[in-house]
Amino acid sequence: MIYTVTLNPALDYVMKVGALRFDDINRSKEETLYYGGKGINVSVILTRLKIENKALGFVAGFTGNELERMLKEDGIDCDFNRLKSGSTRINVKIKADTELDINAQGPDISEDEISGLLKKLDEIKEGDFLVLAGSVPSTMPADIYERILKRLDGKGINFVVDATGSLLLNVLKYKPFLVKPNHHELGDLFSVKTKTDEEIEKYARKLQKMGARNVLVSRSKDGAMLIDENGGVFKIGNAQGKLVNSVGCGDSMVGGFVAGFTEKNDYSHALRLGAACGNATAFSEGLAEKADIDRVFELLDISKS
């Protein structure tokens, strides 16, 4: 079983405006409401690939009710902890002659409510996967990822961590199954620039020495590189296609990688499916559908060194 955790999910309210003005009222031409959150995105991809999973995290208020309703309507299995007060945040995205994003802070979360989530995570069994993705909201302790992994350490759970900076570095001692920085984030961890294959491999191996079992580095237009726990180095490029959307591509790659590994227990297949999911989302208005993933999968080739 695969579990994803989204600590601060959101409803994204996207408004399309002809031209954004600051001296008069702006009137929208079109509005769309989406659910959002990195862990939720991973769950969506897993569900579309027909991989059993469950989305966990926190919801609150009437916006939390709507988030759950939308997820269940799309067949996403979720079991969120409900907060006593506040509301799940709404992020406003304005698309005009320029783009303007306003992300809300989210509700306050008490220590008792954090404890409720931790107790639920105690039910995860040996061999299961737990995906922690995204930044920690300012309303929660900055060390929450570390607390989660410390609590579950030694139970044989496969941790997947898609985070940056100290959030990532502080959990490496718990030997996560997979970490997925992009090449900029990888360099930032060591205060360097990583541009070449050799530089990326060098610093990915440093993460392995610090505890990560597998390091998947997304490289934007240059595809991705995987340094696996057996010493293998796999590289994959991108498929040809029109870039439509950059939101959720990394989350899609994580979902596809975990799905691929659970299917065949093979890192090459996992990387190929992960890249296919990331590419397919980049070519779509939203997160990729299975038919698009299957099509892109056939276009990708992997090299191993």
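Predicted model: local features only at pLDDT ≥ 70, side-chain atom pairs only at ≥ 80, totals over all residues.
**Reading salt bridges and burial**

Me: What is a salt bridge, and how many does the structure hold?

Reply: Side chains of opposite charge can pair when their charged atoms come close. Here the term means a side-chain nitrogen of Lys or Arg within 4 Å of a carboxyl oxygen of Asp or Glu. The structure holds 20 of them. Arg21 and Asp24 also belong to a salt-bridge network with Asp23.

Me: Which parts of the chain does the pair Asp197 and Arg219 link?

Reply: Their side chains form a salt bridge of 2.6 Å, N to O. Asp197 is in helix α7 (residues 197–209), and Arg219 is in the loop between β11 (214–218) and β12 (224–227), 22 residues apart. Helices (H or I, at least four residues) and strands (E, at least two) are DSSP runs, numbered from the N terminus.

Me: Is Arg219 buried or exposed?

Reply: Buried means under 20% relative accessible area, exposed over 50%, and partly exposed in between (1.4 Å probe, protein chains only). Arg219 has 9%, so Arg219 is buried, whereas Asp197, with 23%, is partly exposed.

Me: Where is Thr281, and what does Thr281 touch?

Reply: Thr281 sits in helix α9 (residues 267–282) and is buried, at 0% relative accessibility. Not counting residues up to four places away in sequence, its contacts (heavy atoms within 4.5 Å) include Ile45, Asn245 and Leu287.

Conventions
Residues numbered from 1 in each chain as written. Heavy atoms only, no water.
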